[in-house]
Amino acid sequence: MGNSLQRRCIVLVIMLWSVVVSGVAQSYSAFDHINKDRRFSASNYCIYPDTLLLKQTPPPAGKKPFYISHYGRHGSRYLNNRKGYDIPYKALQHADSLGKLTPTGKHVMKQLEMIIADSENHWGDLTELGKQQHKGIARRMMNQFPEVFEGKAHVNAKSTIVNRSVLSMGAAIQGMTAKNPKLQVTMDASQRDMWYMNHQDRKLRDSMMTFKAKQAYDTYCKSRDYNPRLMSLLFNDSNYVKQQVDEVWLNFYLIKSALIQQNTRMGSKIDFIELFTYEDIHQFWQKENAWWYIMYGPSLLNGGKQPFTQRWLLKKIIEEADSCIQLRKPGVQLRFGHETVVLPLTCLMELNHFGYQTYDLEELEDDGWWACLVFPMASNIQLIFYREDVADKDVLVKVMLNEEEAQLPIESDMAPYYKWSDVREYYLTKIAQYELTRQQQEK
C-alpha cells in the first residue's frame, strides 16, 4: 500500500471509529460509513483504526494503574489461501478463453493475477502493516499507563502457534523494548496453551449454523446476493453468464479480494473495487455482519450460546488476575490470537452492546451490532487494573476495546471503572450457570 494512500485510509477510518465511539452511531448507518470509505465494509479484513486516543476518564482519587491483562488479534495479513482468489480468477480465465470477457473483465483478471503473484507463498502471513499496528498499540499502552512499565517491569507474552500471531507478539515486544530496554520479557507459543488461547468447543461449533439459523440467514441474503450490473461489466454474453457463471460467488469473492488488499502493498495497485457501488458493498457488509453474528455472536437463532466458546479464556484471565494482583509489581500479560476469539470474548463479556440478542437479523445494523468495530486486524481487549498501593484490596478495573473505554454489564457509580470483585463475580457466575445447564442437558 502506498504511504500516502495508507495515511489517507487510516485517517478516514479514524474518523469513522471516532463517530461510533463518541455515541453518534445511532444516527449513522453502516451505509453512511461506507459512503465515506468503502474499506469500512471489509468486516474482519478492516485495518486497525490506529485511533487518535480520546481523552481517558480519570480514575478515582488515589487509584493508579498497576497491572494489564490483554488479548489481541494478529495484525494485518494476507488472504489465508488461494481459494478466495482462484474462484473469481478461474471464472474470468475460462470466460476469457472463450472470448466472453469485456475489456473491463480482462482488466480485473490481470489485476487478480497481480494479487495472486504477490500473495503466493504468503498465505495467511503477517504483512508489514500488521507489524506496525502492534508496535503502535504497544507504544500507546506504555504511554497511557507508564506506571505499569516502569524500570524492570515484567511482560509475560503468549501467542497461539499460528505464525502471524507469533510475529504479532514479536512486533509488540519490539515496540515495548525499544521504549524501555530494561523490561523483563518472557515469550511463548505452545500447544500447551491452545486450550484457552484458541479453544474449539465441538458441541458449540456443531450448533453454529442450525437449520433455523440457516433458513433465516438464507432469507436475509436472498435480496442481497445478485449483482447483474457487475456481470454486464465483466462479460459480453448474458446467456453465457446464466449458463456458466456462479454469479453469487463471483460477486462475493471479487469484493473480498479487493477489500483485503488494504492490508497489503497491493492496496495502491488495484482499482476494481471501483466496479462496485456503495449499495453493492453495503449489502456485502450486511451479509458478513449477519454471518459473524450467527457463527460467533449471541444470536438466538442457534441458542445464543456461541460466546461461551471463550469461557476458558475468560476464566484464565480472571484466575491470572487474581494471582497477579497479589504481587507488588505484577506487570503485563499479553496474549495474541485471532478474531474468532476476540469477537465471542467481547460478546461473552457483554462489552458495550455486543451482548445484544435477537432472532431478527434485520435488527443488527440499526441496533449497532457491527462486528467490524470489534475485530479489525490487530483488535484487542485490555483490562487495566487500579489500586492505591499494594495494601489496597479495593482493586478497580477498566476494560478497553480497541483502546477505547468500554461499558460493562455491571452497576458502577464510577464507570468506566468497576470493582474487580463485582466484575469477577458477575463473569464467574455467568460461566458457572452455563456449565451447570450444559451438564444437565448432557445427562
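## A pair of strands and a crossover

Strand 2 (residues 154–159) and strand 3 (residues 184–189) run parallel and are joined by six bridges. Two strands count as paired if DSSP finds at least two bridges between them. Helices (H or I, at least four residues) and strands (E, at least two) are DSSP runs, numbered from the N terminus.

Together with helix 6 (residues 163–179), strand 2 and strand 3 make a right-handed β-α-β unit. Right-handed here says that, with the strands pointing away from the viewer, the path from the first strand over the helix to the second runs clockwise.

## About the model

This is a predicted model, in which local features need pLDDT of at least 70 and side-chain atom pairs count only at pLDDT 80 or more, while totals for chains, interfaces and linings use all residues. Residues are numbered from 1 along each chain as its sequence is written, and side-chain values use heavy atoms, with hydrogens and water left out.

## Helix 9 beside helix 13

Helix 9 (residues 211–222) packs with helix 13 (residues 278–296) at an angle of about 170 degrees, their axes 10 Å apart. Axes are lines fitted to C-alpha atoms, for helices over the stretch in contact, and angles run from 0 to 180 degrees between N-to-C directions. That angle makes helix 9 roughly antiparallel to helix 13; angles under 35 degrees count as roughly parallel, over 145 as roughly antiparallel, 65 to 115 as roughly perpendicular and the rest as oblique.

Where do they touch? Helix 9 brings Ala213, Tyr217, Tyr220 and Cys221, and helix 13 brings Gln286, Lys287, Ala290, Trp291 and Ile294. Contact means heavy atoms within 4.5 Å. The residues of this contact divide into seven nonpolar, one polar and one charged (Ala, Val, Leu, Ile, Met, Phe, Trp, Tyr, Cys and Pro count as nonpolar, Asp, Glu, Lys and Arg as charged, and the others, Gly among them, as polar).

## Helix 14 and helix 15

Helix 14 (residues 311–324) and helix 15 (residues 339–348) pack at about 70 degrees, with axes 10 Å apart, and are therefore roughly perpendicular to each other. Arg311, Leu313, Leu314 and Ile317 of helix 14 meet Val341, Leu345 and Leu348 of helix 15. This contact has six nonpolar, no polar and one charged residues.

## Two backbone details

Most residues other than glycine have a negative phi, and most peptide bonds are trans. Asn402 is not a glycine, yet has a positive phi of about 50 degrees; Asn402 lies in the loop between strand 6 (396–401) and strand 7.

A cis peptide bond joins Ala415 and Pro416, with omega about 15 degrees. Look for Pro416 in the loop between strand 7 (404–405) and strand 8 (418–419).
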